Amino acid sequence: MREKLDPSPHGKLGYPDFSDGGKLSANDKQLHSGINTMIIGVPKEVKRDEYRVALLPVGADELTRAGHRVLVERGAGLGSGLPDHSYADHGAELVDTAADVFARADMIIKVKEPQPQEIALLRSGQVVFTYFHFAADRALTEGVIASGATAVAYETLRDDQGRLPLLTPMSEVAGRMSIQEGAKYLERPQMGRGILLGGVPGVAPAHITILGGGVVGANAAKVAAGFGADICLLDVNMDRLRYLDDIMPANVDCLFSDRHVIREQLRLADLVIGAVLIPGAKAPRLIEREDLRLMKPGSVLIDVAIDQGGCMETSRPTTHSEPTYIVDDVVHYCVTNMPGAVGRTSTYALCNVTLPWALAIANRGIDAAATALRPVAHAVNVFQGEVTNAAVAKTFGLKQSTRFGV
Ligand SMILES: NC(=O)c1ccc[n+]([C@@H]2O[C@H](COP(=O)([O-])OP(=O)(O)OC[C@H]3O[C@@H](n4cnc5c(N)ncnc54)[C@H](O)[C@@H]3O)[C@@H](O)[C@H]2O)c1
């Protein structure tokens with residue numbers, strides 16, 4: 001049976017008044033002692049140029065209707081066009097500082113991996129539900145392990161068909177956006193070759209090579225095909241290639257990815273999109289520095305896989321404020337949080353898929369949820385200081401706990 005919230009509200013929204021500077025109030029404590037209720041905290045994202053937020057007002061509504069308490073840091077939704085009152089009107093309590101959110105919440109829901117100032121606020125036993133991408137960041141991994149918090153990673157939540165449903169919408173956004181950005185950086189004032197993706201009658205369109213035909217790659221190919229470009233989509237999974245070959249328009253060729261094919265493509269390409277993934281592991285490196293010599297000056301590399309370390313030797317993480325740099329006359333774009341720039345679209349796309357899992361974890365508690373629900377077991381990367389994800393343990397040579405049997 002779910003414990004009911006204290007029915008004696010003090011706040012104007014019918015929720016207890018939490019104006020005690022972040023310490024646990026009597027009502028917080030009562031909630032903590034309950035079986036199936038949680039305090040859920042939504043901090044404002046602090047990563048540079050990140051405009052998404054981890055919860056929509058409808059999410060605050062659903063969680064509070066399920067008996068949970070929702071704390072939202074003031075201003076958290078503004079980057080996505082969601083004002084504070086839209087949360088307060090749906091049962092959330094607005095909180096002034098991230099420190100208060102982290103101090104009081106049983107579960108933090110975020111978008112990006114905790115930044116150093118956020119890692120310092122994590123508490124033992126606290127659940128953090130967000131993107132982590134541990135394999136690309138040793139300091140983050142060590143910081144979360146040391147905190148004793150439980151890291152539930154969006155990117156490794158795996159459904160029964162082996163899909164990654166919490167990665168999919170952001171990959172859809174990044175894939176579609178990669179062509180939009182590629183088109184921009186091929187323009188001469190942006191140091192590109194001065195190529196229009198679709199060409200014009202009498203002038204050839206751009207050649208686009210897409211490494212990886214998963215969600216990012218397929219979405220990039222679809223948008224690029226709409227522009228009228230010539231596209232080669234490469235993958236190592238033959239079943240996937242057969243499927244893509246069936247559904248893609250005539251201006252998309254689907255090729256098996258090996259070193260020779262990739263090098264041949266680099267000679268032809270105006271724009272290369274890196275979209276490979278080995279789930280939970282560092283991205284395979286497919287383009288070496290010496291390979292850049294094969295490319296035309298002013299061609300553009302967009303390494304979408306940069307959040308997993310990147311698939312090009314010369315890739316290094318960049319931000320929306322300074323998205324590009326040039327190596328050997330090739331423009332590199334390696335923004336780690338591409339969907340952040342289209343915050344409103346991305347927030348809705350993300351929250352549509354994360355809310356049911358946030359509810360499942362809040363309703364059961366993380367231990368019971370990970371035991372009962374296989375997708376959640378896959379999502380737990382670190383459980384109270386123990387690494388439970390095999391790929392993360394392997395990447396950093398750490399012992400893996402098989403607590404949840406995955
Ligand atoms: N930078 C960003 O803002 C951003 C946003 C979303 C996703 N991503 C990243 O984009 C990458 C791709 O994501 P996804 O959702 O498309 O993954 P996915 O699993 O759907 O697709 C990855 C594809 O790569 C293929 N692949 C693996 N090794 C390959 C190789 N050597 N050559 C060619 N193909 C190979 C796989 O067979 C698979 O089809 C991931 O690293 C993801 O984290 C980045």
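Helix H7 (168-185), helix H8 (215-227) and strand S8 (230-235) each contribute at least two residues to the shell around the ligand. Helices are DSSP runs of H or I with at least four residues, strands are runs of E with at least two, and both are numbered from the N terminus. The ligand is surrounded by 34 residues, and the closest are Ser 171, Ala 174, Gly 212, Gly 214 and Val 216. The shell divides into 21 nonpolar, 10 polar and three charged residues. Here Ala, Val, Leu, Ile, Met, Phe, Trp, Tyr, Cys and Pro count as nonpolar, Asp, Glu, Lys and Arg as charged, and the others, Gly among them, as polar.

This is a predicted model: local features need pLDDT of at least 70, side-chain atom pairs count only at pLDDT 80 or more, and totals for chains, interfaces and linings use all residues. Residues are numbered from 1 along each chain as its sequence is written.

Now step back to the whole protein. It has 14 helices and 15 strands. Its C-alpha atoms fill a box of roughly 75 × 45 × 35 Å along the principal axes. Of the 406 residues, 50% are buried, with 20 or more other C-beta atoms within 10 Å of their own C-beta, placed from the backbone.

The domain assignment, automatic or from a database, gives domain 1 (26-163 + 343-396) and domain 2 (168-341). Their C-alpha centres lie 31 Å apart. Where do they meet? In domain 1, 22 residues are in contact with 19 residues of domain 2; contact means C-beta atoms, placed from the backbone, within 7 Å. Helix H11 (343-364) and helix H14 (390-396) each supply at least two residues of the domain 1 side. H11 gives the most, with six residues. That side has eight nonpolar, seven polar and seven charged residues.

The largest nonpolar core holds 118 residues, and Met 107, Val 152, Ile 210, Leu 211, Ile 273 and Ile 361 have the most contacts inside it. Such a core is a set of buried Ala, Val, Leu, Ile, Met, Phe, Trp, Tyr and Cys residues joined through C-beta atoms within 7 Å. H7 provides its largest share, seven residues. Beyond its neighbours within four places in sequence, Ile 210 is in contact with residues including Gly 217, Ile 231 and Ile 273.

Methods
Buried ≥ 20, exposed ≤ 12 C-beta atoms within 10 Å, placed from the backbone. Near = placed C-beta within 6 Å. Contact = placed C-beta atoms within 7 Å.
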